[in-house]
Amino acid sequence: MGYFGLRSAVKISQRASYTGDHMSIIKNVTAIAKGMGITLREGFQPTEVENYPDGKGPLRGARLEQRFRGKHELQRDENGLEKCVACFLCAAACPSNCIYIEAAENTETVRISSAERYAKVYNIDYNRCIFCGYCVEACPTDAITHGHGFELASLNATSMVMRKEDLLVSIKTGLPDANKVHAEAVS
Amino acid sequence: MSTIPNSIFTPATAARFDKLATIYPVKRSALVPMLLYAQDDLGYVSDAAISEIAKRLDLLELDVRNVLSYYSMLRTAPVGKYNVQVCTNISCMLRGGFELLDHCKKTLHIGHKETTADGMFSLEEVECIGACCWAPAVQVNYDFHEDLTPAKMDAVLADYREGRGKDVK
Amino acid sequence: MPDVNFIVDGKKLTAPAGTLLIDACKSAGIEIPAFCYYPGLSLQAACRMCVVRIEKAPKLGTACTTTVAEGMNVTTESPEIAQARKATLQLLLGNHPLDCPVCDAGGECELQDMTFKYGAADSFYAEPKNHREEQKWSPVVYFDRPRCILCYRCVRMCGEGMDIFALGVQNRGSSSIIAPNVAPSESPDHMAALDCEQCGMCIDACPVGALTSGTYRYKTRPWEMNHVATVCTHCGDGCKTTLGVRSVNEGSEIVRGDNRDKSGMNGDFLCNKGRYAFDFANNIERLSSPLVRQSDGKLKPVSWEEALTFAGKKLRELRDAKGANSIGVIGSNRTTNEESYLLQKFARTVIGTNNIDHHRTADFVTLATALQGTTTADGKPRFASQRCVEKSPAILLIGGDPTNEAPLTAWNIRTNVRLNKARLYVANHQDIKLKRQAKAFAPVAEFGYAAFIDSLASANDFSTAVKAEEKLVVVVGNELRGGELAKLIAALPHAKFALLADYANSRGASDMGVLPDVLPGYQSLKGSTLASEYGAAGQSQVADAPGLDLLGMFDAASAGHLSALYVVGSNPIKRFGIDASALKNTFVIVQDMFLTETAVLADVVFPAANLYEKAGSVTNSYGDLQLVAKAADKAGVRSDFELIVRLADKFGHDVKTLVPFGKGLRAAGMSGDMGQTRGAQSGEADRHSVWLTANNLEPKLSPFDPFAILDEIQRVVPGYDKLLRLQLLSGNDQHIAPAASGLVQIQTGRKDLVLPAADTLFTSGSLTRFSPMLQDVQRHQASEHTDHLASAD
């Protein structure tokens, strides 16, 4: 950069000399000095990279932006029931065809979701998932979201098929007791 | 001679039904009059009445129920001895129909489509009963009372309670 | 009707006068949306979706009630019309819940489509929606009231289409609802219920998800299924059904049956069994592994190889030791034509006996004999097709109760009477429901059909009217058979005839020669070319003498003369009330889905696939040939076709003489090369396979390919020689008139072996008890103690 900077400075100074503005040489030199100054200063700063996986906290040093699309999470509503109503729209939207659902009907005694139907089986095949987020956009009940889980690598491809139990968020604390007991019993 | 053995209606009504079934070019035309007479006879249109009328007119019970449910003056549950029908349509409303209705609710301690504990009165809010010139109007069974105020209404109800009503059966 | 010319959206169109505008536009490819209009049903004009601008009319008009007129100028899409339709949709959506993600109709809902098209997603009506709980009207019909848009399609379908009138409209204005015929006050559980034929036509007609099916609800979504068009296995009418299939762990499972594509002879019609009774396939009692009886007397699951080897060797031993005629074979009336043909070929050429029969449900042999060589007045064959019932101007129904036993026949008769003013004559010993459509009814004493046939010769009102009909189709119930049937056919010399039989392929089993006394196509055992071909193919000569019939086999078994019995897809022990001890000294092989009364007596049981799990063709009781496509799949079962071939192989028979397959076995006289001769010539072979795929044809390279046998059927079975392969493979039906000539005279004095199945709308032979849905519906029907339907008179 320095080389090109100098050459252009010379060119500009030549042009400047035609116009008779001799102050431009000083300006150019100042600019180079400023640029090189930043370079030198940064060179002496401490290293700033993610200290993953040796960092602190549950993420072991990884820092993720909020909109990062990681492993999916299946959400629950305020009563601890599953939000997913097994409408299959995520599976229909999925370009890599990695979502498999089997629907079943809620009964009086066994209530899994708040609507008539729930997902008896909900599998996502992470061998195929491309984390495009279409499923999240398609979901009419905000049941599926992208979490921040990213440590999905595995030496065994069969372990990449996640079942509903692997994807479902845990029941939040702070629910009314009766609901919580019920939700735990159901799950 | 009744065409239906063991009719649930009084002999007079049964005889009337026998005739009704014959006077229309299409038999089922007799359905609405029959339902009205059946209601007068029994106080309401019971399942047994539906079944008998269906037989008399060669209809399905479902057909009878379809027509029955269309008309709000036909009812499928018994009401009190006096069915107080307060009109709250536009003319009566402007002349105090709602006040009258609220007054009845208060004095009888019942709401819309409810019956007093002693079975004397039932209250019903109805649409126009065709007495707009004398609004607000109330119909008790088949009897009309016009130009009412809450005070006049009390007198009407008292008359019925003491058996002085015009339409005592 | 003369044609009229009119203009729609600038296009000049022509249609017969009297055509409804909506229909005329549809034929010209212009779609006008409508909820309440349903072809074939009366007009309602309830939904206002089909409004169009007709020039010179003051307001927008409904296309579903306007007939085309000369010079009419119509606009079907304009901002004004879109606005009107959008307003209609907004009103409909005023109380329609937005639960599309869980609604069963989501994805195939007409309201959803229209809302997408006209963008009525926003509504002015902000009032809270009036929610009502879903109602269960019967095990198969559920009603979700807020979803209903009051198009009255279900009411008309039930009344006009099915002639049941179980649905009505109650209350008025915005509180109007569709109501079933059992009022809550009359029902045992105080819930509204349906007392009807449980056909589910209302569910199919429903444009939204207000009426949903008990067997399909909340299971999957329409786009998640594969849709396979095949033929129903239950009665003999041959309804086409589109099965919705989804993948499950054990293969693929059927979750829905309907015929909304209106293909086939049944249009959109299906009865209770066709629509719902596929659940036997998923029954947990279903066999999924071969069973062999062990020395301790118990049936134990073994490997396929072990079971087949054991059965084949033992059969061979018994054949060699006790003679071919000591072995009996019983076929099925639910297997495909190919399997039936293969089975009789197996009996006749592999084992070498004519001891083959099946449970006959109608006397097709007499029909074929009596009709051979005769024609109608205009020189057509006298075998009636199901399509004749739908189109013929006059129908005579003698015996039988199609409403219960052959629902499509009843539907077609009703439709024909309603839409085409056909004249129906009924002669029956009962007041059957179709009497309501009849122009004339002749009561017959029970077992008195012979007297009735005699009365046709005398001049009474009924016989005069019947004989005056020029194009008469006679539909005969299974009360008439043998001599009586022949007499009837002789009494009405120019009429077309059809027999009502039970089960999907009763006619096919007869046509394919699963009979002891005739070869396929009712050809003679003696002297016919097929007999000599079989003689050459078989290891022993085909005997000239007829074999034992079904009852004869069991008589022989009781007497100890039957060394082995091979039963394919049949349950004769229960059906014919045979004492189980009859088979105690017989080696029995059974192929079935379940451990039936016959299968529990067997020494070897093979788990078989049902008609929904295999490919082939079936012939309905009218002789209409249709393709069966493989829809479902079940781990652990094999098709009967494969089982017969593999048993023949283990028997020690050269399979190539049983099934012509593979290289160098082009059937004589077949012009089309089916790919067997190509070999591995690269490029050439590929191009050929592309052609085969494009024409829905497959190269027959496997001994388990039923089309190899279809080739042979086409070659050797009279009547089937005329079948058009492309017609068949495109899923169309073709009418087969068996043995136009050269039919043998069936010997007289033959025992009457026809045993009608006497199935009702809610039973289907041995399958009944394995279908939870049918059980449920039977319980539901029994719980309604009073009859809410109109009587026949």
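## Overall form of chain C

A compact globule of 793 residues would have a radius of gyration near 28 Å, and the 28 Å of chain C agrees with this; the radius is taken over C-alpha atoms, and the globule rule is 2.2 Å times the number of residues to the power 0.38. This is a predicted model: local features need pLDDT of at least 70, side-chain atom pairs count only at pLDDT 80 or more, and totals for chains, interfaces and linings use all residues. Residues are numbered from 1 along each chain as its sequence is written, while chains are lettered from A and ligands numbered from 1 in the order in which they are written.

Along the principal axes, the C-alpha atoms of chain C fill a box of roughly 90 × 65 × 65 Å. Chain C has 25 helices and 29 strands (DSSP runs numbered from the N terminus: H or I of at least four residues, E of at least two).

## Domains of chain C

Chain C is divided into domain 1 (3-92), domain 2 (110-282), domain 3 (291-361 + 507-626 + 637-659) and domain 4 (364-500), with bounds from an automatic or database domain assignment. The C-alpha centres of domain 2 and domain 4 of chain C lie 34 Å apart. Their contact takes 11 residues from domain 2 and 12 residues from domain 4 (C-beta atoms, placed from the backbone, within 7 Å).

## Contacts between chains

Contact between chain C and chain A takes 11 residues from chain C and 13 residues from chain A.

On another interface, 9 residues of chain B are in contact with 13 residues of chain C. Helix α4 (residues 61-70) of chain B supplies the largest share of the chain B side, 7 residues.

Note on methods: Two residues are in contact if their C-beta atoms, placed from the backbone, lie within 7 Å.
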